[in-house]
Amino acid sequence: MSQSLQSRFALNSVCYGCGPANPHGLHLESIPDPDNQRVLATFTPAAHHHAFPNTLNGGIIGTLLDCHCNWSAAWFYMLEQQDDTPPCTVTAEYTITLKRPTPMGTPLSLIATCDAIDAKRIRMRG
């Protein structure tokens, strides 16, 4: 699949992080890899995403990871259930460890993998 999950399943979404219909949003696009082992995205920060000179705002990082992992969870659940429609998923909890400042002016790669799926929860790693 080369089309993003968001553009395939949620063209009218107004989510700030990933909604195609939000004119002021980040417009993140999550794309499953051909082997369905990972979901990938790329995001290039704009000048208005700064925290301070040459450093990306941590809230933007959190939003990107939240949206990307949430869509990835829906995708892995669809694969597990052999379903053609994504379930309604929400983030119950997430933890981010920022190891160093994230620079501006370069594309960021996001990778999400599924650690576990059970009846009520999907645990993702981003």
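Asparagine 36 is placed in the loop between β1 and β2. Its phi is positive, about 55°, although asparagine 36 is not a glycine. With 28% relative accessibility, asparagine 36 counts as partly exposed; buried means under 20% relative accessible area, exposed over 50%, and partly exposed in between (1.4 Å probe, protein chains only). Helices (H or I, at least four residues) and strands (E, at least two) are DSSP runs, numbered from the N terminus.

The model is predicted: local features need pLDDT of at least 70, side-chain atom pairs count only at pLDDT 80 or more, and totals for chains, interfaces and linings use all residues. Residues are numbered from 1 along each chain as its sequence is written, and side-chain values use heavy atoms, with hydrogens and water left out.

**Overall form**

- The protein chain contains two helices and six strands, and along the sequence these follow the pattern α-β-β-β-β-α-β-β.
- A compact globule of 126 residues would have a radius of gyration near 14 Å, and the protein chain agrees with this because its own value is 14 Å. The radius is taken over C-alpha atoms, and the globule rule is 2.2 Å times the number of residues to the power 0.38.
- The C-alpha trace of the protein chain spans about 45 × 30 × 25 Å along its principal axes.
- Of the 126 residues in the protein chain, 34% count as buried.
- The protein chain exposes about 7900 Å², of which carbon and sulfur atoms supply 50%. Accessible areas come from the Shrake-Rupley method with a 1.4 Å probe; for residues, only the protein chains shown count as cover.
- Among contacts in the protein chain with a separation of 6 or more, 59% involve residues 24 or more positions apart. A contact means heavy atoms within 4.5 Å.

**The sheet**

- An open sheet is formed by four strands in the order β1-β2-β5-β6, with antiparallel pairing. The edges are held by β1 (31-32) and β6, each with a single partner strand, so one side of each is left without a neighbour in the sheet.
- Two strands pair if DSSP finds at least two bridges between them.
- Strand β2 (residues 39-43) pairs with β5 in the antiparallel sense over five bridges. Within this pairing, leucine 40 has isoleucine 111 in β5 as its bridge partner, and alanine 41 stands opposite leucine 110 in β5.
- Strands β5 and β6 run antiparallel and are joined by four bridges. They form a hairpin with four residues between them, and isoleucine 117 stands opposite isoleucine 122 in β6.

**Salt bridges**

- The whole structure holds two salt bridges. A salt bridge is a side-chain nitrogen of Lys or Arg within 4 Å of a carboxyl oxygen of Asp or Glu.
- One of them joins the side chains of arginine 38 and aspartate 33, at 3.6 Å from N to O. Arginine 38 counts as partly exposed because its relative accessibility is 34%, whereas aspartate 33 counts as buried at 10%.
- Aspartate 115 and arginine 125 also form a salt bridge, with their closest N and O atoms 2.9 Å apart. This pair links distant parts of the chain: aspartate 115 is in strand β5 and arginine 125 in strand β6 (residues 122-125), ten residues apart.
- Aspartate 115 is partly exposed, with a relative accessible area of 33%, while arginine 125 counts as exposed at 53% relative accessibility.

- Glutamine 6 belongs to helix α1 (residues 5-9) and counts as buried because its relative accessibility is 1%.
- Not counting residues up to four places away in sequence, glutamine 6 touches Leu11, Cys18, Pro20, Leu28, Glu29, Ser30 and Trp71.

**The loop between α2 and β5**

- Glutamine 82 lies in the loop between α2 and β5. Its phi is near 55°, a positive value in a residue other than glycine, and glutamine 82 counts as exposed at 73% relative accessibility.
- Leucine 98 is also placed in the loop between α2 (58-81) and β5 (108-117).
- Tyr94, Ile96 and Leu98 form a nonpolar patch on the surface, and together they have about 290 Å² of accessible area. Patches are made of residues with over 30% relative accessible area and no salt bridge: like charges are joined within 9 Å, and nonpolar side chains (Val, Leu, Ile, Met, Phe, Trp, Tyr) within 5 Å.
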